[in-house]
Amino acid sequence: MELSFYLIQLLNGIQFGFLLFLVASGLTLVFGIMDVINLAHGSFYMIGAYLAYWLTGIFGNLFLGILLAIPLAIAIGMAVEKLAIAYVYKKGHLHQVLLTYALILIFDEMQRFLWGNDSHSVDVPNLLSGSIPLTDIQVYPVYRLFISAVCIIIGIGMFYVIQKTKLGMRIRAGASNNEMVQALGINIERLFSIVFSLGVALAAFAGMIAVPVDSLYPGMGDNILIISLVVVVIGGIGSIKGAFVGAMIIGVSSIFGKTLLPDMASVIVYAMMAAILIWRPKGLFQAI
Amino acid sequence: MPSDISENNTPLIEARGLHTYYGDSHILHGIDLTIHRGETVSLIGRNGMGKTTTLRSLIGLTPPRQGTVKINGKDMTTSKVYKIVQQGIAYVPEDRGIFPNLSVNENLSMAARPGPNGREDWPLDHVLELFPRLAERLAFMGNQLSGGEQQMLTIGRALMTNPDLILLDEATEGLAPLLRKSIWSIVKEIKKAGIATIIVDRDIRTLLDIADRNIIIEKGVIVYEGNSEKLIAEPECLQKYVCV
Ligand SMILES: Nc1ncnc2c1ncn2[C@@H]1O[C@H](COP(=O)(O)OP(=O)(O)O)[C@@H](O)[C@H]1O
Ligand SMILES: [Mg+2]
């Protein structure tokens, strides 16, 4: 196999890593800052994907579909936070795991009820359906580059909000001393619901833009959840930087695993996690 | 203006019959406490007598099980902490509560908000004028500061909320004499600025010097209340409750 083949795998791995980063960053924030384990986080990836698929089907345009799906996904996220998650903030991890596992079952069942067991796909929009030649015979699809570019922009935006804005300062302060934040006159519950909604919005958005490269199927949220949990643990719970590095490691190694060692593909990410945890038991980075 | 008159006469805090518990242990036994605008009040008592618990009860961090807390005349006994302090109260806790993962600049800026009447007397540069040491260390992280600098940072952060009342819990504890002196001179500046304070401190001499009124608490009960001249004239009282 020639070099350009590896290059394509690498680009695919990076692009998958970017998507994982969008999903895992929300998960790590909610876990690290609010101390809430949200197993239903992956369901929002699925919800985003199906909403985009459904709306694209209606309006015939992926971009329009995504544009309309975003507010819907945020509304669903806010409703879930208000009606369910808010009740288990202080109840400990067992309550959170039980509640959010129940949410997974509900969302999976709703998915089957609304869209059935078949897998679906959406075409790459014409505007981005081209390819870029890498060598004489190898090409790389523009849409995958587009995904990476969008994720980079969102990543920079997220970094800016967390590092440079007052909201971000308060979120980071809340991660280290929640009581003191309240004693300064800040509504920590509202801060938490903003973090939660932002987190699920990112996961849903990742599902939306992935629709043309990743088919839709029942249980797709569960797969992404497990792999995102691996990313969060590798990167260090609560660390955005860690989520990024972890997502890249897992994204690239799982794509290479699938093509080079197909028999071992499903084991590779866990082997990677085990290796990193032996080296750094608390993950690569500290919480924000 | 009538609103001004009512504002000046209504106490900032009026607590009646507070009973506070930690689990089953009954700590405060019917605390009554009134703080007026601009007043500097000391809260004196030996270790473990309930000074910190009293401050925490006033702002709902450890809500009383019985009794009422009125802030600016409004009953806020069951309100959330952030709602209570938004009435113009800032808390400087015993453990300082610095955010270690935020820079000095961020520790201050994150707290910034207008006071209860929209006043903004304490913008960042004003606070930094009061604490030149913090101005030199704006980019340091909270956990890179010395104890004295951390104490300045908590007081500075309290001022960033433009409060009418600051609760100061052991602000000079564990500091070298020179640093204590500079914290006390800051407290005097705060007093001069017309901000009310409730001060808990072991440096009774300086405390009596600065306080308009003194409250002594013993096992969760207020056992004495009076101005400093009166208290100094009764040394046996201080001897009995504070051992000085
Ligand atoms: N979190 C807590 N849990 C249980 N008991 C506590 C707690 N905090 C303080 N106490 C007890 O409450 C009493 C009053 O404490 P505190 O208000 O901190 O006293 P002070 O500030 O006057 O030293 C003490 O007997 C102390 O042991
Ligand atoms: Mg104390």
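Biologist: In which helix of chain A does A:Ser25 lie?

Modeller: In this predicted model, A:Ser25 belongs to helix 1 of chain A, which covers residues 3-34.

Biologist: Which residues is A:Ser25 in contact with, leaving aside its neighbours within four places in sequence?

Modeller: With those neighbours left aside, A:Ser25 is in contact with A:Met158, A:Leu202, A:Ile240 and A:Ala243, where contact means heavy atoms within 4.5 Å.

Biologist: How many helices and strands does chain A have, and what pattern does chain A follow along the sequence?

Modeller: Chain A has 11 helices and two strands, and, read along the sequence, the pattern is α-α-α-α-β-β-α-α-α-α-α-α-α.

Biologist: How do you know what radius of gyration a compact globule of 288 residues would have, and what does chain A have?

Modeller: The globule rule is 2.2 Å times the number of residues to the power 0.38; for 288 residues this gives a value near 19 Å, and chain A has 19 Å, so the two agree. The C-alpha atoms of chain A fill a box of roughly 65 × 50 × 35 Å along the principal axes, and buried residues make up 51% of chain A.

Biologist: What share of the contacts in chain A with a separation of 6 or more comes from residues 24 or more positions apart?

Modeller: Such residues account for 76% of those contacts in chain A. As for the surface, chain A exposes about 13,200 Å², of which carbon and sulfur atoms supply 68%, while the mean positions of its 14 positive and 13 negative charges are 17 Å apart.

Biologist: Which residues coordinate the magnesium ion (ligand 2)?

Modeller: The magnesium ion (ligand 2) is coordinated by B:Thr52 through OG1 and by B:Glu94 through OE, at 2.0 to 2.7 Å. This pair links distant parts of the chain, 42 residues apart, since B:Thr52 is in helix 2 (residues 51-58) of chain B and B:Glu94 is in the loop between strand 6 (89-92) and helix 4 (104-109). Donors are N, O and S atoms within 2.8 Å of the metal, and water is not among the atoms, so the site may look incomplete.

Biologist: What does B:Thr52 touch, not counting residues up to four places away in sequence?

Modeller: On that count, B:Thr52 touches B:Tyr91, B:Glu94 and B:Asp169. By C-alpha atoms, B:Thr52 and B:Leu178 are 25 Å apart in space and 126 residues apart in sequence.

Biologist: Why is B:Glu94 given the class it has?

Modeller: Buried means under 20% and exposed over 50%, with partly exposed in between; B:Glu94 has 40% relative accessibility and therefore counts as partly exposed.

Biologist: Where do B:Asn72 and B:Asn162 lie?

Modeller: B:Asn72 lies in the loop between strand 4 (66-71) and strand 5 (74-75) of chain B, and at 26% relative accessibility B:Asn72 counts as partly exposed. B:Asn162 lies in the loop between helix 7 (147-159) and strand 7 (165-169) of chain B, and at 3% relative accessibility B:Asn162 counts as buried.

Notes. Residues are numbered from 1 along each chain as its sequence is written. Chains are lettered from A and ligands numbered from 1 in the order in which they are written. This is a predicted model: local features need pLDDT of at least 70, side-chain atom pairs count only at pLDDT 80 or more; totals for chains, interfaces and linings use all residues. Side-chain values use heavy atoms; hydrogens and water are left out. Helices (H or I, at least four residues) and strands (E, at least two) are DSSP runs, numbered from the N terminus. Buried means under 20% relative accessible area, exposed over 50%, partly exposed in between (1.4 Å probe, protein chains only). Accessible areas come from the Shrake-Rupley method with a 1.4 Å probe; for residues, only the protein chains shown count as cover. Lys and Arg count as positive and Asp and Glu as negative; His and the chain ends are not counted. The place of a charge is taken as NZ of Lys, CZ of Arg, CG of Asp or CD of Glu. Donors are N, O and S atoms within 2.8 Å of the metal (3.2 Å for Na, K and Ca); water is not among the atoms, so sites may look incomplete.
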